[in-house]
Amino acid sequence: MKTKKTTTEYIIYEGIEELDSSTQNLMKEAINARKKAYAPYSNFNVGAAILLDNNKIVTGNNQENAAFPSGLCAERVAIYSAGANYPNNTIKSIAISASSIKQKINKPVGPCGACRQSISEYENKQNYPIEIYFMGEEGQIVKVNSLKDLLPFGFNSSFL
Ligand code: THU
(Lines give C-alpha, C1' and ligand atoms only; values in the text may rest on other atoms or scores of the structure.)
Protein backbone atom coordinates (compact mmCIF):
# COMPACT_ATOMS: atom_id res chain seq x y z
CA MET A 1 0.00 0.00 0.00
CA LYS A 2 1.25 3.45 -0.89
CA THR A 3 -0.14 6.93 -0.47
CA LYS A 4 0.54 9.28 -3.36
CA LYS A 5 -0.26 12.91 -3.99
CA THR A 6 -1.13 14.90 -7.05
CA THR A 7 -0.41 18.59 -7.13
CA THR A 8 -2.03 21.36 -9.13
CA GLU A 9 0.10 24.28 -10.17
CA TYR A 10 -1.80 27.46 -10.92
CA ILE A 11 -1.05 31.13 -11.30
CA ILE A 12 -3.20 33.91 -9.87
CA TYR A 13 -3.41 37.26 -11.63
CA GLU A 14 -4.86 40.12 -9.61
CA GLY A 15 -6.78 41.45 -12.61
CA ILE A 16 -7.03 41.57 -16.38
CA GLU A 17 -4.35 44.24 -16.61
CA GLU A 18 -1.74 41.74 -15.33
CA LEU A 19 -2.32 39.46 -18.34
CA ASP A 20 -0.19 39.81 -21.48
CA SER A 21 -1.93 41.76 -24.23
CA SER A 22 -2.96 38.71 -26.29
CA THR A 23 -4.54 37.03 -23.24
CA GLN A 24 -6.18 40.30 -22.19
CA ASN A 25 -7.76 40.42 -25.61
CA LEU A 26 -8.88 36.78 -25.30
CA MET A 27 -10.46 37.46 -21.89
CA LYS A 28 -12.22 40.52 -23.30
CA GLU A 29 -13.66 38.29 -26.02
CA ALA A 30 -14.89 35.89 -23.31
CA ILE A 31 -16.49 38.82 -21.45
CA ASN A 32 -18.20 40.02 -24.64
CA ALA A 33 -19.46 36.50 -25.29
CA ARG A 34 -20.69 36.28 -21.69
CA LYS A 35 -22.82 39.38 -22.22
CA LYS A 36 -24.62 37.57 -25.05
CA ALA A 37 -25.33 34.38 -23.06
CA TYR A 38 -28.84 32.96 -23.20
CA ALA A 39 -29.45 32.13 -19.54
CA PRO A 40 -33.04 33.14 -18.69
CA TYR A 41 -33.46 30.33 -16.13
CA SER A 42 -30.31 30.56 -14.03
CA ASN A 43 -29.44 34.20 -14.74
CA PHE A 44 -25.85 32.95 -14.55
CA ASN A 45 -23.96 34.07 -17.62
CA VAL A 46 -20.75 32.47 -18.83
CA GLY A 47 -18.56 33.33 -21.81
CA ALA A 48 -15.62 31.42 -23.23
CA ALA A 49 -13.07 32.40 -25.88
CA ILE A 50 -10.67 29.96 -27.50
CA LEU A 51 -7.39 30.96 -29.17
CA LEU A 52 -6.27 28.72 -32.03
CA ASP A 53 -2.77 28.30 -33.49
CA ASN A 54 -3.89 30.27 -36.58
CA ASN A 55 -4.64 33.19 -34.20
CA LYS A 56 -8.38 32.91 -34.78
CA ILE A 57 -10.64 33.25 -31.73
CA VAL A 58 -13.75 31.10 -31.34
CA THR A 59 -16.28 32.14 -28.70
CA GLY A 60 -19.25 30.58 -26.98
CA ASN A 61 -21.67 31.28 -24.16
CA ASN A 62 -24.14 29.21 -22.19
CA GLN A 63 -27.35 28.35 -23.99
CA GLU A 64 -30.17 27.33 -21.71
CA ASN A 65 -33.42 25.55 -22.50
CA ALA A 66 -36.86 25.22 -20.87
CA ALA A 67 -36.05 21.51 -20.77
CA PHE A 68 -33.11 22.23 -18.45
CA PRO A 69 -30.71 19.36 -19.37
CA SER A 70 -30.93 20.32 -23.04
CA GLY A 71 -28.92 23.49 -22.36
CA LEU A 72 -25.15 23.64 -22.74
CA CYS A 73 -22.30 25.39 -20.93
CA ALA A 74 -20.29 28.17 -22.56
CA GLU A 75 -17.06 26.16 -22.62
CA ARG A 76 -18.63 23.30 -24.55
CA VAL A 77 -20.46 25.61 -26.97
CA ALA A 78 -17.08 27.21 -27.71
CA ILE A 79 -14.95 24.08 -27.91
CA TYR A 80 -17.44 22.15 -30.05
CA SER A 81 -17.64 25.14 -32.37
CA ALA A 82 -13.82 25.17 -32.61
CA GLY A 83 -13.82 21.40 -33.23
CA ALA A 84 -16.53 21.72 -35.87
CA ASN A 85 -15.02 24.66 -37.75
CA TYR A 86 -11.27 24.20 -37.24
CA PRO A 87 -10.81 20.43 -36.88
CA ASN A 88 -7.12 20.54 -37.80
CA ASN A 89 -6.01 23.51 -35.71
CA THR A 90 -4.44 23.34 -32.28
CA ILE A 91 -6.22 25.00 -29.38
CA LYS A 92 -3.68 27.12 -27.48
CA SER A 93 -5.77 28.64 -24.70
CA ILE A 94 -9.25 29.22 -23.35
CA ALA A 95 -10.45 32.23 -21.36
CA ILE A 96 -13.63 32.02 -19.28
CA SER A 97 -15.66 34.66 -17.45
CA ALA A 98 -18.84 34.19 -15.40
CA SER A 99 -21.34 36.62 -13.88
CA SER A 100 -24.67 36.43 -12.13
CA ILE A 101 -27.66 38.72 -11.88
CA LYS A 102 -28.15 37.61 -8.25
CA GLN A 103 -24.71 38.48 -6.86
CA LYS A 104 -21.42 40.00 -7.94
CA ILE A 105 -19.07 37.13 -8.82
CA ASN A 106 -15.64 38.37 -7.74
CA LYS A 107 -13.95 34.97 -7.46
CA PRO A 108 -12.60 32.82 -10.31
CA VAL A 109 -15.21 30.35 -11.64
CA GLY A 110 -13.66 27.15 -12.94
CA PRO A 111 -15.27 25.06 -15.68
CA CYS A 112 -17.71 22.38 -14.51
CA GLY A 113 -16.74 18.70 -14.53
CA ALA A 114 -18.46 17.91 -17.83
CA CYS A 115 -16.65 20.82 -19.51
CA ARG A 116 -13.33 19.63 -18.09
CA GLN A 117 -13.97 16.23 -19.63
CA SER A 118 -14.87 17.82 -22.97
CA ILE A 119 -11.78 20.04 -23.01
CA SER A 120 -9.69 17.01 -22.06
CA GLU A 121 -10.83 15.20 -25.23
CA TYR A 122 -9.34 17.97 -27.40
CA GLU A 123 -6.14 18.21 -25.37
CA ASN A 124 -5.63 14.46 -25.85
CA LYS A 125 -6.56 14.68 -29.54
CA GLN A 126 -4.03 17.42 -30.26
CA ASN A 127 -1.42 16.10 -27.80
CA TYR A 128 -0.60 19.66 -26.80
CA PRO A 129 -1.58 21.30 -23.51
CA ILE A 130 -4.40 23.83 -23.42
CA GLU A 131 -3.90 26.82 -21.11
CA ILE A 132 -7.04 27.77 -19.22
CA TYR A 133 -7.71 31.19 -17.68
CA PHE A 134 -10.85 31.69 -15.62
CA MET A 135 -12.43 34.52 -13.68
CA GLY A 136 -15.76 35.76 -12.37
CA GLU A 137 -17.09 39.13 -13.42
CA GLU A 138 -14.21 40.95 -11.75
CA GLY A 139 -11.24 40.21 -9.51
CA GLN A 140 -8.61 37.52 -9.71
CA ILE A 141 -7.93 35.28 -12.67
CA VAL A 142 -6.62 31.73 -12.30
CA LYS A 143 -4.44 30.15 -14.98
CA VAL A 144 -3.55 26.48 -15.34
CA ASN A 145 -1.09 25.36 -17.99
CA SER A 146 -3.03 22.26 -18.93
CA LEU A 147 -6.50 20.82 -18.51
CA LYS A 148 -4.81 17.93 -16.69
CA ASP A 149 -4.26 20.26 -13.74
CA LEU A 150 -8.04 20.54 -13.40
CA LEU A 151 -8.84 16.89 -14.02
CA PRO A 152 -6.40 14.38 -12.58
CA PHE A 153 -7.21 10.73 -13.37
CA GLY A 154 -9.31 11.81 -16.33
CA PHE A 155 -11.07 9.24 -18.47
CA ASN A 156 -9.65 8.88 -21.98
CA SER A 157 -9.78 6.68 -25.05
CA SER A 158 -6.93 4.44 -23.87
CA PHE A 159 -9.46 2.72 -21.61
CA LEU A 160 -11.80 1.83 -24.47
N1 THU B 1 -22.34 27.03 -16.82
C2 THU B 1 -21.42 27.23 -17.80
O3 THU B 1 -21.71 27.78 -18.87
N4 THU B 1 -20.15 26.79 -17.56
C5 THU B 1 -19.75 26.15 -16.41
O6 THU B 1 -18.64 25.67 -16.35
C7 THU B 1 -20.67 26.10 -15.27
C8 THU B 1 -22.08 26.39 -15.57
C9 THU B 1 -23.71 27.47 -17.10
C10 THU B 1 -24.70 26.35 -17.27
C11 THU B 1 -25.99 27.01 -16.89
O12 THU B 1 -26.51 27.66 -18.04
C13 THU B 1 -25.59 28.07 -15.88
O14 THU B 1 -24.19 28.25 -16.03
C15 THU B 1 -25.90 27.70 -14.43
O16 THU B 1 -25.39 26.45 -14.12
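1. How far does a backbone N or O atom of Ala-74 lie from an oxygen atom of the ligand? The distance is 2.9 Å. That makes a handy way into this structure. Before going on, bear in mind that this is a predicted model, where local features need pLDDT of at least 70, side-chain atom pairs count only at pLDDT 80 or more, and totals for chains, interfaces and linings use all residues. Residues are numbered from 1 along each chain as its sequence is written, and side-chain values use heavy atoms, with hydrogens and water left out.

2. Let's stay with the ligand. Around it you'll find Ser-42, Phe-44, Val-46, Asn-62, Glu-64, Cys-73, Ala-74, Glu-75, Pro-111 and Cys-112 (a residue is on this list if one of its heavy atoms lies within 4 Å of the ligand). A polar side-chain atom of Glu-64 sits 2.5 Å from a ligand oxygen, while an N or O atom in the side chain of Glu-75 is 2.8 Å from a ligand nitrogen. Pairs like these are polar contacts (N or O atoms within 3.5 Å; within protein, one must be able to donate a hydrogen and the other to accept it, and residues adjacent in sequence count only if both atoms are side-chain atoms). On its own the ligand has 380 Å² of accessible area, and the protein covers 75% of that (areas come from the Shrake-Rupley method with a 1.4 Å probe; for residues, only the protein chains shown count as cover).

3. Now the inside of the protein. In soluble globular proteins, nonpolar side chains tend to be buried together. The largest nonpolar core here has 22 residues, and Ile-50, Ile-91, Ile-94 and Ile-132 touch the most other members. A nonpolar core is a set of buried Ala, Val, Leu, Ile, Met, Phe, Trp, Tyr and Cys residues joined through side-chain atoms within 4.5 Å. Buried means under 20% relative accessible area, exposed means over 50%, and partly exposed is in between (1.4 Å probe, protein chains only). The elements giving two or more residues to this core are β2 (44-52), α2 (74-85), β4 (91-100), α3 (113-126), β5 (131-135) and β6 (141-144). Helices (H or I, at least four residues) and strands (E, at least two) are DSSP runs, numbered from the N terminus. There is also a second, separate core of 13 residues, with Tyr-13, Ile-16, Ala-30 and Ile-31 among them.

4. Leaving aside neighbours within four places in sequence, Ile-91 is in contact (heavy atoms within 4.5 Å) with Ile-50, Leu-51, Leu-52, Ile-79, Tyr-122, Gln-126, Pro-129 and Ile-130.

5. How many of the residues of β2 are buried? The count is 8 of its 9 residues, so to speak a mostly covered strand. Strand β2 has two partners: β4, antiparallel over 9 bridges, and β3, also antiparallel, through 5 bridges. Two strands pair if DSSP finds at least two bridges between them. To trace the pairing on screen, find Asn-45 opposite Ser-99 in β4, then Ala-48 opposite Gly-60 in β3.

6. Asn-55 has a positive phi of about 70 degrees although it is not a glycine. With a relative accessible area of 62%, Asn-55 is exposed.

7. Is Glu-123 buried or exposed? Glu-123 counts as buried because its relative accessibility is 3%. This residue is found in helix α3, and its side chain reaches the backbone nitrogen of Ile-130 at 2.7 Å. Beyond its neighbours within four places in sequence, Glu-123 is in contact with Tyr-128, Pro-129, Ile-130, Ser-146, Leu-147 and Lys-148.

8. Last, the chain ends. Thr-6 lies in the segment before β1 (11-13) and counts as exposed at 52% relative accessibility. Thr-6 and Asp-149 are 143 residues apart in sequence and 9.1 Å apart in space, C-alpha to C-alpha. Not counting residues up to four places away in sequence, Thr-6 touches Pro-152 and Phe-153. Phe-153 lies in the segment after β6, is exposed at 80% relative accessibility, and has a positive phi near 60 degrees.
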